[in-house]
Amino acid sequence: MSGSAVAKSGMCRWFLRGPWEAGAMTLIGGGIVMLVQPWSIDLYSYSFVTILAGTVGYVIVSHFPE
Amino acid sequence: MTTILQPDDTMIPGVSEPAKSRATRRVRGLSDRTIAWLFVAPTIALLLAINIFPLVWMIRLSFTSLNLSMSYLPLRFVGLDNFTDILTDEDVWFRLQTTAQFVIWSVALQVVIGYGLALLINRQFRGHSFWTTIILLPMMLSPAVVGNFWTLLLQPQIGPFNYLISMFTGVPPSSFSMTGQVSLAPWTIVLVDTWMWAPYVMLICLAGLRSIPDYIYEAAEVDRASAWRQFWSITLPMTVPFLMLAVLFRAIENFKMFDMVNLLTSGGPGSTTELVSITLKRAAFEKWRTGYSSALAIILFVTVFGAANIYVKALNKVKQR
């Protein structure tokens, strides 16, 4: 196997859709809970950044191979 | 060289391929791809004009201090100040909590009632079609109409709703106001929304129930499974994707809910039923804080977009099971 093929398969192993998608969805869900929870205004303040990171991340990782 | 095309576009032997292609183009005028683009182009132009352009413009405005009541002032770029203001404002935070409570209670009630109605309507009985139509009626009304006639129904002096409650509880009809009391108003908007949209959930669940093949129930009968067991092992698992779909649509719609609540309570009494969409309307069209309200609209848009991604993914997973 050539060096570039090994590097490519290694990259593919790291950039699989499943775990990344799960991570992005956890970020979105966590962000929504942070946005509407009634306990901490600090959590509320960081909620939008969390949702945005999750949503942008989800759009990117949904193009990763299965 | 002359090119002769036969009716079925087969080439006469000895005639070159490029010559055939040129001739075909002359005969047909435009290629299929061009015609397809010509048909789609007006729709794309319309979408760009009424969806994409306002969105991009709103994103631009969210970084400015634009206030339409002082539009003579020069447009000032304020960076992320509007977002910081919103995300440190306790009032907006409370409005988001009110919205979340409204979404949770109304969607939960709609799912329970809608599913129950679907189970009832799924059985064949006398007047089945008539009752289905009657149940579906609220869903077909405009939210503005629903808001107005429920305002009349819930009127403390002349509204029949208070008289109905009075008949069962003995409380004088004019002693309470469903839309005017802090303890009752949030439940009123949940009640009206559930009344209007439970039929929609019923319709989706009914599609799910009708999609279950009869032979599965027949096999369960042969195995002497009880009705309760059939419900938990067959009916509910096979209708979960449809329930998820209903929850997705209703949660997103209720998060954006504006018209019906605005007509029923206008966010009152005080700000008890002020959903975040009403806060947005007040910031944009009462205080004229366009930059601030654009930033709030973007926060809501990203939230709904993110939630839709989760639900669609969950739905696909349940479907594959």
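Good morning. I begin with B:C205, which, apart from neighbours within four places in sequence, is in contact with B:G114, B:Y115, B:A118, B:T239, B:F242, B:L243 and B:A246. Two residues are in contact if their C-beta atoms, placed from the backbone, lie within 7 Å.

This is a predicted model, in which local features need pLDDT of at least 70 and side-chain atom pairs count only at pLDDT 80 or more, while totals for chains, interfaces and linings use all residues. Residues are numbered from 1 along each chain as its sequence is written, and chains are lettered from A and ligands numbered from 1 in the order in which they are written.

B:C205 also belongs to the largest nonpolar core, which has 62 residues; B:V201, B:M202, B:C205 and B:A246 have the most contacts inside it. Such a core is a set of buried Ala, Val, Leu, Ile, Met, Phe, Trp, Tyr and Cys residues joined through C-beta atoms within 7 Å; buried means that 20 or more other C-beta atoms lie within 10 Å of a residue's own.

I turn to a helix pair. In chain B, helix α5 (residues 128–140) packs against helix α8 (residues 185–210) at an angle of about 120°, with the axes 7 Å apart. Helices are DSSP runs of H or I, at least four residues. Axes are lines fitted to C-alpha atoms over the stretch in contact, and angles run from 0 to 180 degrees between N-to-C directions.

Finally, chain A has four helices and zero strands (a strand being an E run of at least two). Of its 66 residues, 26% count as buried.

Conventions
A residue is buried if 20 or more other C-beta atoms lie within 10 Å of its own, exposed if 12 or fewer, and partly exposed in between; C-beta atoms are placed from the backbone.
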